[in-house]
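Trainee: I am new to this structure and would like a close look at a single part of it. Could you start with the overall layout and then take me there?

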Amino acid sequence: MEHASAFLARALTTPLPAPAALPRRRPARVAVAAAAPERRPPGAVASTTNYVVPLDAAPSGITRPLVEILRDLNKRVPDAIVRPSSRRASASDPVIPWYHANRMLSFYAPGWCGEVRDVIYTDSGKVTVIYRVTVRGTDGEVHREAAGTASLSDDRFDDPVSAAEEAAFCKACARFGFGLYLYHEDETP
């Protein structure tokens, strides 16, 4: 056993290479969100060339007052990211996919955060998720909550809880005004 400890002591005292000798890499920006994936027909490939807001264009940190952030969230959403009614399985499906809502929030409201507040299973075979989105500005923070519901027996969803979370997240974003007009478009005179 003495030989093993002497071997370890020698290995630990061997000098490490100088930090300057190591190659330097530029850190990559990554956006992460968890929700239900968009359903695509078999063999379909996701396009990475049509992002509405590039990650490099997003400002970092909380740099704007809430009134500016809320004004920007109420702007018209680009038509390219709106799901047409033919691609939604039901009227309760989100109008804007969660990943586009996430990206737009990161652009207009850097420093936003979201959380699942509650998951409720009912005796009728449904799951409801309560989701809260918090937007932070230089003058404070404000939050909105919404609920999303999915049937546990619906074959359209691999994970009904994720589908309910996606619906709740998108509705909470709409309560900030993001794409809210899309939910009332058919009621416009």
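Mentor: The chain's secondary structure comes to five helices and three strands, where helices (H or I, at least four residues) and strands (E, at least two) are DSSP runs, numbered from the N terminus. Along the sequence they follow the pattern α-α-α-β-β-β-α-α. This is a predicted model, in which local features need pLDDT of at least 70 and side-chain atom pairs count only at pLDDT 80 or more, while totals for chains, interfaces and linings use all residues. Residues are numbered from 1 along each chain as its sequence is written, and side-chain values use heavy atoms, with hydrogens and water left out.

Of the 189 residues in the chain, 32% are buried; buried means under 20% relative accessible area, with a 1.4 Å probe and protein chains only.

Now for the close look: R64. This residue lies in the loop between helix 1 (2–13) and helix 2 (66–73). R64 has a relative accessible area of 16%, so it counts as buried. Leaving out residues up to four places away in sequence, R64 touches I69, D72, Y108, G137 and T138, a contact being heavy atoms within 4.5 Å.

With D72, the R64 side chain makes a polar contact, side chain to side chain, at 2.3 Å. A polar contact is a pair of N or O atoms within 3.5 Å; within protein, one must be able to donate a hydrogen and the other to accept it, and residues adjacent in sequence count only if both atoms are side-chain atoms. The side chain of R64 also reaches the backbone oxygen of E68, at 3.1 Å.

Technical notes
Buried < 20%, exposed > 50% of the residue type's maximum accessible area, 1.4 Å probe, protein only.
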